[in-house]
Amino acid sequence: MAKEGGCFCGKVRISYEGEPVGKAVCHCTDCRKITGSTYSTNLIVPGAGFKILSGTPKSISKVAESGKEITSHFCGDCGTTLFRDGPSFGDNKVIKVGTLDDLNALDDAKPTVELFVPNRVSWVQEIPGTAQKTTMT
């Protein structure tokens, strides 16, 4: 069964099918910037099951803290970042979980790993049971 989501204004809609291949929170500077918060909560899903249902997201690419290029895909009207991709992820897409329609999506996305933990703000605690990584790998 496909899971759907979209941007704040509703013009760009996405979906994915299949099980996520990863669940991660990321404390990198880029994720802080694109979320406007302390970290991002992400599902890494197979590209084969990912679809843009409506709208045409804008994209911006840059070299990330990992040293590799990453592309953010966002609504050009409201600015919501919906997903990211790049060579570090192969064919997979990195969906920003808060964009999914299911109110339980964040509960279901309990991470197995925290990335860029040296950047974690002092008042955010380690998530119990997650691997702690200083970078993407």
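Predicted model: local features only at pLDDT ≥ 70, side-chain atom pairs only at ≥ 80, totals over all residues.
View 1. D30 belongs to helix 1 (residues 29-35) and K62 to strand 6 (residues 58-63), so the contact ties together parts that are 32 residues apart in sequence. K62 is partly exposed, its relative accessible area being 42%.

**View 2. A salt bridge between two loops, formed by D77 and K11.** The side chains of D77 and K11 meet at 3.1 Å, N to O. D77 sits in the loop between strand 7 (69-74) and strand 8 (81-85), while K11 sits in the loop between strand 1 (3-6) and strand 2 (13-16); the pair therefore ties together parts that are 66 residues apart in sequence. D77 is exposed, because its relative accessible area of 57% is over the 50% cut-off.

**View 3. The salt bridge of D85 and K93.** The closest N and O atoms of this pair are 2.9 Å apart. D85 counts as buried at 13% relative accessibility. K93 also counts as buried, with a value of 18%.

**View 4. A network of salt bridges that links E4, R13 and D101.** How many salt bridges does a search of the whole structure find? The search finds seven.

Terms used. Residues numbered from 1 in each chain as written. Heavy atoms only, no water. Salt bridge = Lys/Arg side-chain N within 4 Å of Asp/Glu carboxyl O. Helix = DSSP H or I, 4+ residues; strand = E, 2+ residues; numbered from the N terminus. Buried < 20%, exposed > 50% of the residue type's maximum accessible area, 1.4 Å probe, protein only.
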